Amino acid sequence: MKQIYPIILSSILLLSHFCRPLAAQVKLQDVQGFELDQEWEFRPSKQGIWTPATVPGSVQLNLLNAGLIEDPFFQKNEEKIQWIEEEDWLFQNYFQVDDELYGKEHIEILFKGLDTYADVYLNDKLILQADNMFRAWTVDIKPYIKPGKNLLRIHLHSAMKMGRAKRESKEYSLPAGNDAQDEKLSVYTRKAPFQFGWDWGPRVVTTGIWRPVEIISWNESRILDCHFTTLQIAEEKALVKAKIVIEGEANQVYQLLIRDMETGQALINREVRPSVTGVVEEELQILEPKLWWCNGLGEPHLYKLETRISSLDKRILDKQVTEIGLRTIELIQEQDSIGTSYFFKLNGVPVFMKGANYIPSDNLLARVDSARYEDLLSAAAEAHMNMLRVWGGGIYEDDLFYSICDRKGLLVWQDFMFACSMYPGDDAFLDNVGEEVKYNIKRLRNHPCIALWCGNNEMAVAWHNWGWQQEHEYSKSDSAEIWNNYQTIFHQMIPYEVLRLHQGAKYVSTSPLSNWGTLENFNHHSMHYWGVWHGTDHFEGYHNYIGRFMSEYGFQSFPSLKTVKKFSTASDWSLDSPVMKHRQKSYKGNGLIYEFMEDLLPRPESFSDFLFFSQVTQAEGLKIAFESHRAAKPHCMGTLYWQLNDCWPAISWSGIDYFGEWKALHYYAKRAFQPIVILPYEEGDWFKVKINSDLPKPAKGTLKVSLIDFAGKELDSFEKPASIDELSNDCFLEIETNVLLQKQARTECMVLLEWQQSGQTIVTNYYYFEPSKNLQLGPGKFTSELKESDGNFVLSLSSTELVKTLQLQSEIDGHFDDNYFDLLPGTTKNVTFIPTEPVDIRKFKNGLKTRSINEVIRELDRE
């Protein structure tokens with residue numbers, strides 16, 4: 001039957017902010033359970049030879065590992081694997097059950113992720129029919145298991161065939177905005193939407209067992225769930241509610257121990273009798289609490305708590321370890337003098353959010369291991385980001401992703417997995433979604449990094465603005481039914497479950513809440529601004545159109561030649577080659593990159609120079625956005641660009657490519673997201689400078705302004721003492737541009753801006769009066785020295801002239817701590833390269849290359 005959900009209005013956002021989730025729980029695996037991760041095999045369902053398989057994994061990944069298909073990411077091989085999605089597949093595993101396991105009173109099998117339509121058989125008995133990739137499935141297998149050898153077999157049905165059957169049962173088809181096939185089947189299946197193709201990724205509709213399979217056994221009792229919620233935080237103590245769910249015999253009494261594992265202190269140690277639903281609730285006190293802060297504001301302190309239940313004769317029955325963080329989070333959406341605000345408060349402090357949108361890091365999801373997560377999230381933290389948005393067209397990420405975010409102080413805006421489409425509203429679909437929603441809220445609610453639950457990506461703006469009603473020729477009753485289904489899911493079901501299961505959490509129905517097509521909308525709520533790229537605006541649009549919270553915007557670039565070499569051959573290195581045309585998934589194509597590039601830079605002649613200039617164009621454009629958004633504080637209180645990462649080696653909006661290479665954009669973001677930034681800009685006839693601080697404390701110092709030519713000659717300079725208030729954004733300089741220039745040509749000089757404290761330069765920025773293509777640059781010669789330091793490599797660079805946008809390239813895997821920077825004349829800059837693996841300095845030196853705008857312009861002039 002269809003679940004009935006009370007309608008939740010804006011009151012869900014008005015709950016006391018002292019009810020807060022705290023932790024990520026880690027289930028200890030002991031004699032109670034084991035993972036089925038060995039001895040798997042697979043084959044097509046109709047016929048074929050059983051082939052060894054890796055689980056977790058997909059059919060596509062196992063075919064690749066077995067050498068039965070070519071790398072789908074190389075050249076146009078994506079097209080060669082489309083047959084896989086039309087087939088049914090079998091996985092099977094023989095496993096042994098010893099007498100100890102067989103003798104347990106309770107035995108369950110837990111599937112943490114089946115992709116997607118799966119009939120599961122144990123010893124030839126059907127035990128499960130699964131139909132949702134986004135949830136776990138648990139089955140009592142005590143009646144089916146036997147001593148000795150057992151056979152687990154899983155029949156995976158084609159998601160395409162199942163989707164067609166569901167679509168044909170409907171009176172009308174539903175829009176699926178980015179589904180790469182005309183059939184638009186992705187909306188009928190609870191499966192990662194991006195797998196069906198997007199404008200930055202391939203179509204790889206996987207099937208398989210994508211998360212671990214475990215067998216869990218116990219006799220008397222076990223802990224099902226530990227949920228910790230902050231009730232109150234004061235300087236002397238924090239009050240925390242612990243809600244423990246125990247499965248066991250009715251009326252059983254336990255000894256409950258909850259202790260701080262760092263200090264050994266018992267926070268609770270007493271006898272308890274669970275309720276009829278197995279629930280125990282206790283209030284904990286943590287003295288002199290240390291708060292959890294986001295990156296840049298303080299330490300993301302975590303407490304490690306052990307929860308243990310024992311019998312009254314002191315036998316330990318079960319235990320769980322939970323890392324918790326004490327913090328409060330608020331989303332402020334209020335009417336103000338501008339319109340409607342949209343900003344977060346962490347522990348009572350308004351925070352300007354800086355970050356990006358995160359997509360799945362691989363189309364073959366099982367390849368995303370702990371090292372990939374650690375590298376990407378470390379790169380985000382190193383770039384001074386404090387928030388990532390887990391986008392609704394991907395997946396609910398692995399527990400490890402959120403645990404790393406907890407440790408690094410990265411807040412997470414978490415979308416539910418719905419994007420750019422409209423979805424069914426029949427009872428079966430709603431029931432399925434309801435279980436998915438409940439499972440993921442419970443799984444993730446304890447992480448202190450979770451700042452916001454968001455219903456979907458771009459569905460409301462799409463329905464009202466993308467012309468779907470006309471395109472699909474919906475009748476009025478069809479349109480009313482589709483919109484009613486939307487409201488049932490995103491205005492009733494999901495907010496009800498968030499309110500019930502994650503008390504105090506913040507929920508919004510969609511992102512964005514305002515559409516960029518109307519100017520007034522920039523004064524209200526969240527904004528996806530795509531006037532640049534999908535509209536007709538050029539980069540100045542980032543300065544002119546600023547919303548209250550910019551949760552999407554971006555521009556494409558190509559990856560480096562090092563990455564291009566990994567998915568193509570030299571014969572493909574042309575924008576007109578079939579491979580490069582196939583790699584470009586956006587309808588706007590490479591012509592738009594060229595168009596914007598020519599606003600800033602001369603037209604490159606070589607393919608490698610085009611790759612370099614495409615990254616510079618992307619980074620320079622988003623630099624305008626970063627600085628404009630920060631300069632607009634408090635009108636704007638967040639900037640999350642599209643996108644942090646890639647799911648395959650691509651032409652895309654990413655700042656970090658599929659192989660972990662930092663593009664120019666990520667280095668620019670690192671500089672623009674510093675806690676204190678200097679923001680120069682021209683407004684009419686005036687040159688102005690703001691200083692923006694995200695620090696919760698004031699600072700005193702000096703703003704030094706120097707007008708220099710490209711040979712390093714100082715044409716003028718002056719200093720201005722200044723005090724920066726906490727969390728401030730103030731204008732410290734206004735001067736007529738002609739007065740500042742002193743009759744110098746705009747193409748022959750620049751402004752160097754420095755914020756100094758106690759005689760030390762804390763942060764710098766530069767301002768050029770013309771785009772790079774118009775600057776009177778010299779040849780860009782420089783000198784360098786290389787030395788090794790603690791396994792890293794330090795380059796000391798100096799020049800007697802301006803070297804514009806110096807690119808350092810290494811054939812060794814790793815990243816520089818700075819790159820794509822301007823090397824000023826008469827200065828020495830030290831840059832450190834951090835290799836992924838230890839490497840000899842000679843190998844690093846032989847693989848080091850450089851390029852600058854000066855060099856490319858000089859080569860073009862020669863031609």
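Author: Happy to! One definition to begin with: a contact here means heavy atoms within 4.5 Å. By that rule, among contacts in the protein chain between residues at least 6 apart in sequence, 71% join residues at least 24 apart. Please keep in mind that this is a predicted model.

Now for the setting. The protein chain holds 18 helices and 50 strands, and its C-alpha trace spans about 90 × 65 × 65 Å along the principal axes. A compact globule of 863 residues would have a radius of gyration near 29 Å, and because the protein chain has 29 Å, the two agree. Of those 863 residues, 60% count as buried.

The largest nonpolar core contains 176 residues, and Phe344, Met385, Phe401, Phe416 and Tyr641 have the most contacts inside it. Helix H14, covering residues 607-631, gives the most to this core, with 10 residues.

Leaving aside residues up to four places away in sequence, Met385 touches Asn295, Lys354, Gly355, Ala356, Ala380, Leu410, Tyr641, Leu644, His666 and Phe673. Tyr641, one of these partners, is also among the residues with the most contacts inside the core.

There is a second, separate core too: it has 39 residues, including Val55, Leu61, Leu114 and Leu156.

The accessible surface of the protein chain comes to about 33700 Å², with 48% of it belonging to carbon and sulfur atoms. As for charge, the protein chain carries 89 positive and 119 negative side chains, and the centres of the two sets lie 2 Å apart.

Definitions and conventions: Residues are numbered from 1 along each chain as its sequence is written. This is a predicted model: local features need pLDDT of at least 70, side-chain atom pairs count only at pLDDT 80 or more; totals for chains, interfaces and linings use all residues. Side-chain values use heavy atoms; hydrogens and water are left out. Helices (H or I, at least four residues) and strands (E, at least two) are DSSP runs, numbered from the N terminus. The radius of gyration is taken over C-alpha atoms; the globule rule is 2.2 Å times the number of residues to the power 0.38. Buried means under 20% relative accessible area, exposed over 50%, partly exposed in between (1.4 Å probe, protein chains only). Accessible areas come from the Shrake-Rupley method with a 1.4 Å probe; for residues, only the protein chains shown count as cover. Lys and Arg count as positive and Asp and Glu as negative; His and the chain ends are not counted. The place of a charge is taken as NZ of Lys, CZ of Arg, CG of Asp or CD of Glu. A nonpolar core is a set of buried Ala, Val, Leu, Ile, Met, Phe, Trp, Tyr and Cys residues joined through side-chain atoms within 4.5 Å.
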